[in-house]
Amino acid sequence: MIQLKSAREIELMAQGGKILGATVEHLRAAVRPGISTGELDAIAEDFIRSHEGATPAFKGLYGFPGSICASVNNEIVHGIPSRKRLLVEGDLVSLDVGVGYKGYFTDSATTAPVGEINAEAKRLLAVTQESLEAGIAAAVVGNHVGDIGHAVETVVRAAGFTVVRDLVGHGIGVEFHEEPQVPNYGKPKRREKLVPGLTIAIEPMVNVGGPATRTLPDRWTIVTLDGSLSAHFEHTVAITEDGPRVLTRA
Ligand code: MG
Ligand code: MG
């Protein structure tokens, strides 16, 4: 069931989303060679909890142990943060964070470069970010969920990369994962209609190589099957009469 949000509910989500946007910026600034993903997790949890009433939504969600997901290089999503996982110059680290605030959830992700990265990695970041912006731009009343995925995939294909199909964006708000599913592929005018009050997480996961995935033995971390580099950008967006409202920008 799709749970449409009132203007008041969207305002509460925007308050939590502002905290989340600041958290993601704070994390990006902390990324450097030598820091561990476990340290980034602690930084995120402290920063979120420093805001009265805000909680790290991932902690304990489906049993996940961290406050963030930290996925390095060929890891697409759901990497478990660890003090033993040190980032090195040239890595990409995808940081996925959720915040609970006043009864509502927001969700955002970014992929950050660790020191200097190579030209292909830079292009992957630029294209993935661009595909997210294209998806957001398609999140307008009258369009359908398929228009969002189509917009994302069009950008990714033109660049010669692939979108992950095994994982999708989602409705969000009262629950962390709500209906509808929001795939990063699709056809215009297909799937659910976009209506005011719909709140969704749009989150392209883009691979340099093929789209296929596999799950590591830790049962969380999802990696590219071919070992190629992957990036992930995400915002929580409200569909409004005035156009898409991004709730998780800093
Ligand atoms: Mg997320
Ligand atoms: Mg999400």
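A salt bridge here is a side-chain nitrogen of Lys or Arg within 4 Å of a carboxyl oxygen of Asp or Glu. Keep that in mind. Glu45, Arg49 and Lys59 are linked in a network of such salt bridges.

A word on the model. It is predicted: local features need pLDDT of at least 70, side-chain atom pairs count only at pLDDT 80 or more, and totals for chains, interfaces and linings use all residues. Residues are numbered from 1 along each chain as its sequence is written, chains are lettered from A and ligands numbered from 1 in the order in which they are written, and side-chain values use heavy atoms, with hydrogens and water left out.

Back to the salt bridges. By this rule the count comes to 9. Take lysine 59 and glutamate 45. Their closest N and O atoms are 3.1 Å apart. Lysine 59 sits in the loop between strand 1 (54-56) and strand 2 (68-72), and glutamate 45 in helix 2 (residues 37-49), so this pair ties together parts 14 residues apart in sequence. Helices (H or I, at least four residues) and strands (E, at least two) are DSSP runs, numbered from the N terminus.

Buried or exposed? I call a residue buried under 20% relative accessible area, exposed over 50%, and partly exposed in between, with a 1.4 Å probe and protein chains only. Lysine 59 is partly exposed, at 39% relative accessibility. Glutamate 45 is buried, at 16%.

Next pair. Glutamate 133 and arginine 249 meet in a salt bridge of 3.2 Å, N to O. Glutamate 133 is in helix 3 (residues 119-137) and arginine 249 in the segment after strand 15 (243-246), so the pair ties together parts that are 116 residues apart in sequence. Glutamate 133 is partly exposed, at 33% relative accessibility. Arginine 249 is partly exposed, with a relative accessible area of 39%.

One further pair. Glutamate 153 meets arginine 165 at 3.5 Å, N to O. Helix 4 (residues 145-158) holds glutamate 153, and the loop between strand 6 (162-163) and strand 7 holds arginine 165, so parts 12 residues apart in sequence are tied together. Glutamate 153 is buried, at 11% relative accessible area. Arginine 165 is partly exposed, at 41%.

Now the metals. Aspartate 96 is buried, at 8% relative accessibility. Aspartate 107 is buried too, at 2%.

The magnesium ion, ligand 2, has Asp107 (OD), His170 (NE2), Glu203 (OE) and Glu234 (OE) as protein donors, 1.9 to 2.2 Å away. Its spacing reads D-x62-H-x32-E-x30-E. How far apart are ligand 1 and ligand 2? They are 3.2 Å apart, and aspartate 107 coordinates both. Histidine 170 in strand 7 and glutamate 234 in the loop between strand 13 (230-232) and strand 14 (235-240) are 64 residues apart, and the pair links distant parts of the chain. Histidine 170 is buried, at 6% relative accessibility. Glutamate 234 is buried, at 1%.

Stay with strand 7. Strand 7 (residues 169-171) and strand 8 (residues 178-182) run antiparallel, joined by 3 bridges. Two strands pair if DSSP finds at least two bridges between them. Glycine 171 stands opposite glutamate 178 in strand 8. The hairpin of strand 7 and strand 8 has 6 residues between the strands, and glycine 173 there takes a positive phi near 155°.

An open sheet of 3 strands has the order 3-12-11, with antiparallel pairing. Its edge strands are strand 3 (75-77) and strand 11 (213-215), each pairing on one side only. Strand 3 joins strand 12 (residues 222-224) through 2 bridges. In that pairing, glutamate 75 stands opposite valine 223.

Technical notes: Donors are N, O and S atoms within 2.8 Å of the metal (3.2 Å for Na, K and Ca); water is not among the atoms, so sites may look incomplete.
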